[in-house]
Amino acid sequence: MLVRNNIGRDFGAYRAATLHLALEELRPERMIYLNDSVIYIAGPGLDSMIKALVQSDYDAVGTYENHEFAHHMGSYAFSVAGKVFTDVQIRRFWQRYRPYDIRPHAIRKGELGFSQCLERCGYQVDIVYSADKLALRLDKMSISELVATLRYVPYGALRGYDLGPLLKGAQRTGQMLAGNPKSKRRRQKRGKDPAILDQESRTPTISEFGRFSAETKARLEEAEKNASVAIQIRQETLVNHMIGTIINGSQIHFGFGLFHRVMDSPLVKRDLLIRGILLEHDCARILEHLTPPRREPIMRELLNRGRAVNVRGMRRFKLRNGLI
């Protein structure tokens with residue numbers, strides 16, 4: 001156990017621990033970095049996350065990725081292989097990193113700088129909870145399941161947004177691509193003369209009935225195909241909308257609800273409310289499946305930090321500039 005002043009946020013602590021263990025010539029098989037800016041929900045999800053960090057064949061594994069400033073691996077929970085930990089260039093990164101308590105510095109020089117160092121060294125990086133993996137899970141859901149999942153998308157993404165035109169437009173597109181046999185039959189019927197219509201209204205022969213049955217079956221199959229295409233387009237429209245909402249920023253923040261409920265991610269960022277990403281009832285809905293003894297301490301931790309409402313003076317300055 002290493003006791004030190006809390007200087008430099010998570011990367012300041014990572015730096016101190018890494019350099020301390022390096023002096024002792026530690027050569028681990030795998031090194032896991034975890035910090036306390038997230039809450040870890042005990043259960044199968046946490047077991048799976050630790051297993052992914054420990055047993056991966058990749059040189060480095062992050063739990064989340066981030067597109068803030070530039071693409072990089074999130075620092076909340078990640079692991080590196082032993083060869084990465086002992087690499088001279090990686091060690092030089094830790095030695096040169098200067099820990100400050102300013103959030104943008106920790107992101108730019110810490111998270112982003114470390115990811116860029118891994119890339120320059122040619123190491124392969126994987127992400128446990130990535131947007132592409134989430135999208136594949138969402139693609140397998142039905143329309144009703146996707147609509148239910150919309151409540152886990154961050155505040156402001158779909159509230160006040162009329163989904164009716166979105167889904168109706170997708171349905172019309174699907175019908176246009178697959179063709180609409182009903183309207184086609186109407187057009188054909190309007191174009192026939194009375195003699196042909198009278199001929200069709202009489203009792204058919206056995207051979208005619210056989211042909212009619214085959215045509216009816218083909219029309220039903222075409223109708224099913226039309227419906228399937230329309231449903232698929234509506235599903236993809238919803239999935240694209242949800243993924244587009246969370247993908248371009250910090251995915252542990254904006255994708256918290258989706259990753260937790262769809263992929264069983266055990267990580268809850270402590271600053272979800274104070275940064276205005278979610279509201280109280282958003283978090284309550286996302287965590288509603290947990291038993292009260294497990295859910296209530298998490299909710300109280302989030303609530304006690306407050307939200308950025310009516311914030312004045314120095315606290316407002318610190319929030320805007322990433323100092324808290």
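Ring pairs tie F11, Y14, Y33, F78, F93, W94, Y97 and F114 together into a cluster. This is a predicted model, so local features need pLDDT of at least 70 and side-chain atom pairs count only at pLDDT 80 or more, while totals for chains, interfaces and linings use all residues. Residues are numbered from 1 along each chain as its sequence is written, and side-chain values use heavy atoms, with hydrogens and water left out.

A pair of aromatic rings is described by the distance of the centres and the angle of the planes. Here, rings of Phe, Tyr and Trp (its six-membered ring) pair if their centres lie within 6.5 Å, with planes under 30 degrees apart called stacked, over 60 edge-to-face and the rest tilted. The structure holds 16 aromatic pairs. Take F11 and Y14: with ring centres 5.5 Å apart and planes at 65 degrees, the pair is edge-to-face. Both residues sit in helix α1, three residues apart, or about one turn of the helix. (Helices, H or I of at least four residues, and strands, E of at least two, are DSSP runs numbered from the N terminus.) F11 has 1% relative accessibility, so it counts as buried, and Y14 at 4% counts as buried too; the cut-offs are under 20% relative accessible area for buried, over 50% for exposed and partly exposed in between, with a 1.4 Å probe and protein chains only.

Now for F78 and F114: their ring centres are 5.6 Å apart and their planes at 45 degrees, so this pair is tilted. It links distant parts of the chain, since F78 is in strand β6 (residues 77-81) and F114 in helix α5, 36 residues apart. F78 is buried at 0% relative accessibility, and so is F114 at 2%.

Grid points are joined across faces, edges and corners, and a volume is the space filled by probe spheres set on the points. The largest cavity comes to about 30 Å³, and its lining is T18, Y33, V80, V84, F85, I90, W94 and F114.

The largest pocket holds about 800 Å³ of space. Of its 29 lining residues, R9, D10, D36, S37 and K269 are the closest to its centre.

Conventions
On a 1 Å grid over the protein atoms alone, a cavity is a set of points where a 1.4 Å probe fits but cannot get out, and a pocket is an open set with protein on both sides within 12 Å along at least five of seven lines; lining residues have an atom within 4 Å of a point.
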